[in-house]
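Subject: Structure handover

Hi,

Here is the structure I promised to pass on.

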Amino acid sequence: MNLLAYNITFGTYGNRLHGDPRRTVDRQHNQYGDPVLGFDEHRWKQEKTLLRFPAVIFTPERMMLVESLLPEICARGGWEHRAGAAGPDHVHEILFSHNDPGTIRKLLKRWLGQALSERLGNLLPAGATWWAECGSIRWIFEEDGSYYENATAYVTRQRATRD
C-alpha cells in the first residue's frame with residue numbers, strides 16, 4: 001500500500017475532556033475498533049477539576065492565524081501541506097511525508113505553539129500550553145482515495161479562512 005497522506009488532528013488545551021458529550025478516546029480505549037467513550041457527566045466534571053490552566057479557545061482571528069501558519073510550519077518540517085483548518089478548540093492538518101507521523105504531530109504542535117506565542121505575545125499563564133496531549137493520526141493510503149477526498153473536502157469546509 002502506498003501512503004497518500006496523514007490526517008492529523010489535535011485539540012487545544014482543556015477541551016474535549018473524557019466524558020464530554022462529543023465522545024472521546026482514552027489510553028485504555030485506543031485500539032482500532034475499540035468503542036469511543038460516550039457522555040459521562042461524572043468523569044467530565046472530574047476531568048475539569050484536573051485542569052491546571054484555563055481552556056484555550058481560539059477566536060475567529062486566531063483560527064485564521066493558525067491556518068495561515070500551517071503551510072510554513074509544514075515547509076519547515078519538510079512536509080507537504082495538503083489542507084489545514086483551525087476551529088475554536090482543535091486543528092486539522094492533512095499532509096504528506098515519509099517521516100514518522102507521531103513525531104510530525106509533536107513538532108507541528110510545538111512549532112505552531114511557538115509561532116502563536118511569538119505573534120500574539122505571552123498570552124498563556126506560565127507553564128501553560130496551547131495544546132491538549134496527543135491527538136489523532138489517520139494514515140491515508142492510495143487505496144483510500146475516497147477517504148482522502150472526503151477528508152480534504154471536510155477540512156477545507158472547516159476553514160475559518162475562506163479562499
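Below is what I found in it, going from the overall layout to single residues.

**The overall layout**

One thing to keep in mind from the start: this is a predicted model. The chain has four helices and four strands, and if you read along the sequence they come in the order β-α-α-β-β-α-β-α. Of the 163 residues in the chain, 39% are buried. Looking at contacts with a separation of 6 or more, 68% of them are between residues 24 or more positions apart.

In soluble globular proteins, nonpolar side chains tend to be buried together. Here, the largest nonpolar core has 26 residues. If you want a place to start looking, F58, W79, L112, L116 and W131 are the ones with the most contacts inside it. At least two residues of this core come from each of β1, α2, β3 and α3 (101-120). The biggest contribution is from α2, which gives seven residues.

There is also another core, lying apart from that one and made up of eight residues, among them A83, I94, I140 and A151.

Leaving out residues up to four places away in sequence, L116 touches F58, L65, V66, L69, G121, W130 and W131.

Next, have a look at α4. This helix has 14 residues and reaches 20 Å from its first C-alpha to its last, close to the 20 Å expected at 1.5 Å a residue. Which residues of α4 are buried? They are G145, Y148, A151, T152 and V155. These five sit on the same side of α4, because they cover an arc of only 130° around the axis. The other side of α4 has exposed residues, namely S146, E149, N150 and R157.

As for what lies over the buried residues of α4, the cover includes the strands β1 (3-11), β2 (80-86), β3 (90-96) and β4 (136-141).

In the segment after α4 (145-158) you'll find R159. Is R159 buried or exposed? R159 has a relative accessible area of 13%, so it counts as buried. Its side chain reaches the backbone oxygen of G84 at 3.0 Å. Setting aside neighbours within four places in sequence, R159 is in contact with E67, G84 and A85.

**F53 in a loop**

F53 is in the loop between α1 (41-49) and α2 (60-77). With a relative accessibility of 15%, F53 is buried as well, because the cut-off for buried is under 20%. What does F53 touch, not counting residues up to four places away in sequence? The partners are Y13, P125, A126, G127 and A128. Take Y13 from that list: F53 and Y13 are 40 residues apart in sequence, and their C-alpha atoms are 8.4 Å apart in space.

**Salt bridges**

Side chains of opposite charge can pair when their charged atoms come close. How many salt bridges does the structure hold? There are two.

- E72 and R119 meet through their side chains at 3.6 Å, N to O. This pair links distant parts of the chain, with E72 in helix α2 and R119 in helix α3, 47 residues apart. E72 is partly exposed at a relative accessible area of 43%, and R119 is partly exposed at 48%.
- R82 and E80 make the other salt bridge, at 2.7 Å, N to O. R82 counts as partly exposed at 26% relative accessibility, and E80 also counts as partly exposed, at 41%.

Last stop is C134, in the loop between α3 and β4. The phi of C134 is near 60°, a positive value in a residue other than glycine. C134 is partly exposed, with a relative accessible area of 40%.

Over to you now.

Cheers

Conventions: Residues numbered from 1 in each chain as written. Predicted model: local features only at pLDDT ≥ 70, side-chain atom pairs only at ≥ 80, totals over all residues. Heavy atoms only, no water. Buried < 20%, exposed > 50% of the residue type's maximum accessible area, 1.4 Å probe, protein only. Polar contact = N/O pair within 3.5 Å; in protein donor to acceptor, adjacent residues only side chain to side chain. Contact = heavy atoms within 4.5 Å. Expected span 1.5 Å × (residues − 1). Arc of directions from axis to C-beta. Core = buried A, V, L, I, M, F, W, Y, C linked by side-chain atoms within 4.5 Å. Salt bridge = Lys/Arg side-chain N within 4 Å of Asp/Glu carboxyl O.
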